[in-house]
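The following exercises concern a single predicted model. Each task is followed by a worked solution.

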Amino acid sequence: MKKIFNTVKAVASDFRMQVLMLMFSVQSAHAALPTTADPSNAPTDGNYIELIKGYAYDIVIVFGLVMGVMAFYVVAKNMIAVYGEIGSGKKTWGDMGMHGGMGVLLLVFVIYLLTEASTVIFT
């Protein structure tokens, strides 16, 4: 029994040594991280306040794009709903044209407001 115990102990010790060797060999395989991209209106080097403002401006622009996509999604969803009601006889093609025209006007208005907001926020 003691011989079996010693054999199991030796195997476990050998296994721990192999795991330790594997951990140290993997640790030395680090790759360099990529550098961050400068904001669209990058300041001079060392001006961290302007750098933060540049990143904030880019975040606001992306948020505006997301809002524009959401407005497009709402108009498209409304048009699909009206098209479905045309098949059941609740709406007419004129209703779909009216919804489409108003949706296009809504999208133009949203894009105009987002463009104006992007020029006003960081001037």
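Helices are DSSP runs of H or I with at least four residues, numbered from the N terminus.

**Exercise 1.** Determine which helix gives the most to the lining of the largest pocket, and describe that lining.

*Solution.* Step 1: the largest pocket holds about 250 Å³ of space. Step 2: its lining consists of 14 residues, and Ile-61, Gly-64, Leu-65, Leu-114 and Thr-115 lie nearest the centre. Step 3: two or more lining residues come from each of helix 2 (48–88) and helix 3 (93–121). Helix 2 gives the most, with eight residues. Step 4: by residue class, the lining divides into 10 nonpolar, four polar and no charged residues.

**Exercise 2.** State what the chain forms over the spans that UniProt lists as "transmembrane region".

*Solution.* Step 1: the unreviewed UniProt entry lists residues 55–75 and 96–115 under this name. Step 2: residues 55–75 are 100% helix and 0% strand, with end C-alpha atoms 31 Å apart. Step 3: residues 96–115 are likewise 100% helix and 0% strand, and their end C-alpha atoms lie 28 Å apart.

**Exercise 3.** Identify the salt bridges, taking a cut-off of 4 Å between side-chain nitrogen and carboxyl oxygen.

*Solution.* Step 1: the count comes to two. Step 2: Lys-53 pairs with Glu-50, with the closest N and O atoms 3.8 Å apart. These residues are three apart in helix 2, so about one helical turn separates them. Lys-53 is partly exposed at 44% relative accessible area, and Glu-50 is partly exposed at 34%. Step 3: Glu-85 and Lys-91 form a salt bridge at 4.0 Å, N to O. Glu-85 is partly exposed at 29%, as is Lys-91 at 28%.

Terms used:
Residues numbered from 1 in each chain as written. Predicted model: local features only at pLDDT ≥ 70, side-chain atom pairs only at ≥ 80, totals over all residues. Heavy atoms only, no water. 1 Å grid on protein atoms, 1.4 Å probe; cavity = no way out; pocket = protein on both sides within 12 Å on 5 of 7 lines; lining within 4 Å. Points joined across faces, edges and corners; volume = space filled by probe spheres on them. Nonpolar A, V, L, I, M, F, W, Y, C, P; charged D, E, K, R; others polar. UniProt positions renumbered as here; feature names shortened; annotations may be inferred. Buried < 20%, exposed > 50% of the residue type's maximum accessible area, 1.4 Å probe, protein only.
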